[in-house]
Amino acid sequence: MNSLYTYLFLAALLFSLGIFGVFQRRSLIGMLIAIELMLNGASINFMAFNRFLAPDPIVGQIYTLFIMGIAAAEAAIALSIIVAVFRRLRSINIERAQELRG
Amino acid sequence: MTDLIFNVFILLTIIPCFWVALSSNIVHAAFSLLITLFGIAGLYVLLGADFIGVIQVIVYIGGILVLIIFGVMMTQRGKLLPLSIQLPGKLFGAVLTGVILAALLLSATRTLWPVAAVLGEPQLTSAAIGDLLLGKYLIPFEIASVLLLAALIGAVLIARRSVRGE
């Protein structure tokens, strides 16, 4: 049961559900939550390959650490953008944010 | 015993993950993400990565998830809008997701992974991770720290109330 394939299937499921969440959500925070799910799926893949394939069993863990750091930065920036959008439009519905111009 | 714990963590990861993507209540989605992240931390420990498991709990559950729940609370106002899009778009998303899931599963099963015949015993990893981060991976580590600092300053700058505009 504790095999590489179990982890790969789990990671594929998490990644796909994250993609579906990003597609079907209408609220910006819902999309952010789904993106966290996708990042975790990628991390699980790194950790599983690190345990079952890699001769040096630490390097994959370093990558997972970097993914966590990037996820933290991304969450902070995304939430501040969400707060700014909410203050401007009084809503975080992405369909209300269509009037944004570059 | 280990198999039982493994199955429990797998279920803890998979079941709430559907709520994360599909629930019609954003608070339920956020708390389901909490359980999923906890299950993933348990799986990391079972993969022999004690340090990463603890960091997962601290950073994701203690940091990112609290941020997300704060965001949920700060941006709810009045009547809750429907959280999901209408059917045609949803169907398109489901088809695309199915294609991606099929591709991932196919590539996972069709590839011949050179799995090590005998797995090494899991060992304590903190010291080795510290060695690598301050040795071979020093420059990415420093870049990540600068990135975090820039994200911190940028987040404050974007989210603050503008002084003139009010």
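Colleague: In which helix is the place of Ser43(A)?

Modeller: A helix here is a DSSP run of H or I with at least four residues, numbered from the N terminus. Ser43(A) belongs to helix H2 of chain A. This is a predicted model, in which local features need pLDDT of at least 70 and side-chain atom pairs count only at pLDDT 80 or more, while totals for chains, interfaces and linings use all residues. Residues are numbered from 1 along each chain as its sequence is written, chains are lettered from A and ligands numbered from 1 in the order in which they are written, and side-chain values use heavy atoms, with hydrogens and water left out.

Colleague: Does Ser43(A) count as buried or exposed?

Modeller: The classes rest on relative accessible area, computed with a 1.4 Å probe on protein chains only: buried is under 20%, exposed is over 50%, and partly exposed lies in between. Ser43(A) counts as buried because its relative accessibility is 1%. Ala42(A), also found in helix H2 of chain A, counts as partly exposed because its value is 28%.

Colleague: Which residues does Ser43(A) touch?

Modeller: Contact means heavy atoms within 4.5 Å. Residues up to four places away in sequence not counted, Ser43(A) touches Thr64(A), Ile67(A) and Tyr44(B). As for Ala42(A), 22 residues separate it from Thr64(A) in sequence, and their C-alpha atoms are 8.5 Å apart in space.

Colleague: Where does Leu4(A) lie, and how many residues apart in sequence are Leu4(A) and Asn45(A)?

Modeller: Leu4(A) lies in helix H1 of chain A. In sequence Leu4(A) and Asn45(A) are 41 residues apart, yet from C-alpha to C-alpha the distance is 9.2 Å. Leu4(A) counts as buried because its relative accessibility is 3%. Neighbours within four places in sequence left aside, Leu4(A) is in contact with Ala48(A), Phe49(A), Phe52(A) and Leu53(A), and also with Trp113(B) and Val115(B).

Colleague: What is the area buried between chain A and chain B?

Modeller: The size of an interface is often given as the accessible area lost when the parts come together. Buried area is that loss, with a 1.4 Å probe, summed over both parts. Here the area buried between chain A and chain B is about 6,900 Å², and carbon and sulfur atoms give 77% of it. The contact takes 69 residues from chain A and 84 residues from chain B.

Colleague: How many salt bridges and how many polar contacts are there between chain A and chain B?

Modeller: Between chain A and chain B, six residue pairs are in polar contact, both residues being at pLDDT 80 or more. On the side of chain A that touches chain B, helix H1 (4–24), helix H2 (28–52) and helix H3 (59–89) of chain A each supply at least two residues. H3(A) gives the most to that side, with 24 residues.

Colleague: Which residues of H4(B) are buried?

Modeller: Gly93(B), Thr97(B) and Ala108(B) are buried in H4(B), and the buried residues of H4(B) pack against H1 of chain A. Val95(B), in helix H4 (residues 87–110) of chain B, counts as exposed because its relative accessibility is 53%.

Terms used: Buried area = accessible area lost by both parts, 1.4 Å probe. Polar contact = N/O pair within 3.5 Å; in protein donor to acceptor, adjacent residues only side chain to side chain.
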